[in-house]
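Subject: Structure handover

Hello,

Here is the structure you are taking over. My notes follow below it.

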Amino acid sequence: MQVFFSGTVQGVGFRFTAERLARRFPVTGFVRNLEDGRVEVTAEGEEPQLVEFLTALRESGMKDYIRDVEARWSAAQGCFSRFSITF
């Protein structure tokens, strides 16, 4: 799953919230700021857990900062060992 969040999502703790929430689910991947002001979350795992993770992030304390969410789904590549913040 690759998700792009737009709005006021940089400089408000979004990446740290995503990393903290990811620990609750059996998912791997990363979260990072993009130069265009969006935040990207790329995560791998079973689809039900990915949906729960995405829902938890959308409903977290960050929800007021999110204006739009664009999600793309594809087959997992299996290249992540954990979920982390990428700078």
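Which strand gives the largest share of the lining of the largest pocket? Strand β3, residues 39-44, does, with three residues. Please keep in mind that this is a predicted model.

On the pocket: the volume of the largest pocket comes to about 230 Å³. Its lining is made up of 15 residues, and those closest to the centre of the pocket are M1, A43, S74, A75 and A76. Sorted by class, the lining has eight nonpolar residues, five polar and two charged.

On the helices: α1 covers residues 14-22 and α2 covers residues 47-58. These two helices pack with their axes 10 Å apart, at an angle of about 140°. The crossing of α1 past α2 is right-handed.

As for the residues involved, α1 brings F14, T17, A18, L21 and A22 to the contact, and on the α2 side they meet F53, A56 and L57. By class, seven residues of this contact are nonpolar and one is polar, with no charged residues.

Regards

Terms used
Residues are numbered from 1 along each chain as its sequence is written. This is a predicted model: local features need pLDDT of at least 70, side-chain atom pairs count only at pLDDT 80 or more; totals for chains, interfaces and linings use all residues. Side-chain values use heavy atoms; hydrogens and water are left out. Axes are lines fitted to C-alpha atoms, for helices over the stretch in contact, and angles run from 0 to 180 degrees between N-to-C directions. Helices (H or I, at least four residues) and strands (E, at least two) are DSSP runs, numbered from the N terminus. A crossing is left-handed if the near helix is turned anticlockwise from the far one by less than a right angle, and right-handed if clockwise. Contact means heavy atoms within 4.5 Å. Ala, Val, Leu, Ile, Met, Phe, Trp, Tyr, Cys and Pro count as nonpolar, Asp, Glu, Lys and Arg as charged, and the others, Gly among them, as polar. On a 1 Å grid over the protein atoms alone, a cavity is a set of points where a 1.4 Å probe fits but cannot get out, and a pocket is an open set with protein on both sides within 12 Å along at least five of seven lines; lining residues have an atom within 4 Å of a point. Grid points are joined across faces, edges and corners, and a volume is the space filled by probe spheres set on the points.
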